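Please examine the sequence and coordinates shown below before reading on.

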Amino acid sequence: MIAIDTNIVVRLLTRDDQAQYQASYQLFRTAEIFIPDTVILETEWVLRYAYDFKPAEICSAFKKLFGLKNVHVNNAQLVARVINWHEAGLDFADAFHLTNSERYSSLKTFDERFIKKAGGLSDCLVGKP
């Protein structure tokens, strides 16, 4: 199994550089791939800011990518919940923060939008300190 960096995933999903796309595609065709959580988080940011992907496009791309039999992540259920919550309107990074905090009673933030959007999603209560 090999781990990959953000730029490998971005090349595969955007096809913006044909040579790098082909190299990325070959990796995904021939290897067992591990995608770290940090790469998932950074990929979403790059797709959103550098490529103007919309949340639905990002979620669709991630579902297809993570649905491949040879693609592995730290916690598939956690990543699926992140994608579902992002589709429901929660910021992607905030969804990642919340899913990683669910074993705790609360997650403290000054982000009003996060507090509002996270209401009722988890037993981990998102609120101000």
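Helix α3 (residues 37-49) and α4 cross in the right-handed sense, that is, with the near helix turned clockwise from the far one by less than a right angle, anticlockwise being left-handed. Their axes come within 11 Å and cross at roughly 140 degrees. The two helices are therefore oblique to each other; angles under 35 degrees count as roughly parallel, over 145 as roughly antiparallel, 65 to 115 as roughly perpendicular, and the rest as oblique. On the α3 side the contact (heavy atoms within 4.5 Å) is made by Ile40, Thr43, Glu44, Leu47 and Arg48, and on the α4 side by Ile58, Phe62 and Phe66. By class, these residues divide into 5 nonpolar, 1 polar and 2 charged.

This is a predicted model, in which local features need pLDDT of at least 70 and side-chain atom pairs count only at pLDDT 80 or more, while totals for chains, interfaces and linings use all residues. Residues are numbered from 1 along each chain as its sequence is written, and side-chain values use heavy atoms, with hydrogens and water left out. Helices are DSSP runs (H or I, at least four residues), numbered from the N terminus. Axes are lines fitted to C-alpha atoms over the stretch in contact, and angles run from 0 to 180 degrees between N-to-C directions.

Helix α4 (residues 55-66) also packs with helix α5 (residues 76-87), at an angle of about 160 degrees and with the axes 9 Å apart. That makes α4 roughly antiparallel to α5, and the crossing is left-handed. From α4, Pro55, Cys59, Phe62, Lys63 and Phe66 meet Val79, Ile83, His86 and Glu87 of α5. This contact has 6 nonpolar, 1 polar and 2 charged residues.

| Helix pair | Angle between axes | Axis distance |
|---|---|---|
| α3 and α4 | roughly 140 degrees | within 11 Å |
| α4 and α5 | about 160 degrees | 9 Å |

Helix α1 (residues 6-14) contains the buried residues Thr6, Val9, Val10, Arg11, Leu12 and Thr14, where buried means under 20% relative accessible area with a 1.4 Å probe, protein chains only. These residues pack against α2 (18-30), α3 and α4. Arginine 15 follows α1 and has a positive phi, near 55 degrees.

A search of the whole structure finds 0 disulfides, a disulfide being a pair of cysteine sulfur atoms within 2.5 Å.

Note on methods: Nonpolar A, V, L, I, M, F, W, Y, C, P; charged D, E, K, R; others polar. Buried < 20%, exposed > 50% of the residue type's maximum accessible area, 1.4 Å probe, protein only.
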